[in-house]
Amino acid sequence: MNRTRADDGGIALLGIGLCACVVMLLLGGICVHTAQVARVDVLDAADHAGAAAADRISVAHAYAHGVEAPQLDAASVRAEAQAALSATERPAHVTSWSLTSASVDGKDLVLAVAAVVDPPAVGGALSALGAPITVHVTTRAEAHFVR
């Protein structure tokens, strides 16, 4: 076979390029997996906060209309959900979380929680770029009042 010098090292360059692609795919998979696991953990914490806040009735409504059809108090629900979320231990790769909204409609409440996730392999690089991974979850709870 007659080869020219320009072809020398071509297979090594191809091998390096393929290895770089495989490493990028692995790092991307780790990043996505960490974000999905963190989303489930944040949803569990939001569910816990919703369950803790679901018993905060409106005292003013109870005095005005009786306890036959109680309603939730929006300010108390937000405060209790924030306290429950603050008391919950954050998972390993969740750097921060916060209650972004809490709304009440009679006996139903809706909580929205946002969390910042720091993946193990590429978290430092994403932080340096100023593009952290943020996970948003919403949970709903219904208050069941028993006399």
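Which residue in β2 is the bridge partner of tryptophan 97? In the predicted model described here, that partner is alanine 115.

The protein chain has an average pLDDT of 83, and 82% of the residues score at least 70. Among the elements of the chain, the highest mean value, 92, is found for strand β2 (residues 108-117), whereas the lowest, 64, belongs to helix α4 (residues 123-129).

Three strands make up an open sheet in the order β1-β2-β3, and their pairing is antiparallel. Because β1 (94-105) and β3 (133-142) stand at the edges, each with a single partner strand, one side of each has no neighbour in the sheet. From one strand to the next, the twist averages 15°. The antiparallel pairing of β1 with β2 extends over ten bridges. In general, the strands of a sheet pair through backbone hydrogen bonds, in either a parallel or an antiparallel manner.

Two helices are described as packing on this sheet. Helix α1 touches β1, β2 and β3, and its direction makes about 30° with that of β3. Helix α3 (residues 74-87) touches β1 and β2, with a direction at about 160° to that of β1.

Helix α1 spans residues 10-53 and includes leucine 18. Together with Ile11 and Leu14, Leu18 forms a nonpolar patch on the surface. The accessible area of these residues together is about 330 Å².

Key:
Residues are numbered from 1 along each chain as its sequence is written. This is a predicted model: local features need pLDDT of at least 70, side-chain atom pairs count only at pLDDT 80 or more; totals for chains, interfaces and linings use all residues. Side-chain values use heavy atoms; hydrogens and water are left out. Patches are made of residues with over 30% relative accessible area and no salt bridge: like charges are joined within 9 Å, nonpolar side chains (Val, Leu, Ile, Met, Phe, Trp, Tyr) within 5 Å. Accessible areas come from the Shrake-Rupley method with a 1.4 Å probe; for residues, only the protein chains shown count as cover. A salt bridge is a side-chain nitrogen of Lys or Arg within 4 Å of a carboxyl oxygen of Asp or Glu. Helices (H or I, at least four residues) and strands (E, at least two) are DSSP runs, numbered from the N terminus. pLDDT is the predictor's confidence in each residue, from 0 to 100. Two strands pair if DSSP finds at least two bridges between them. Axes are lines fitted to C-alpha atoms, for helices over the stretch in contact, and angles run from 0 to 180 degrees between N-to-C directions. Contact means heavy atoms within 4.5 Å.
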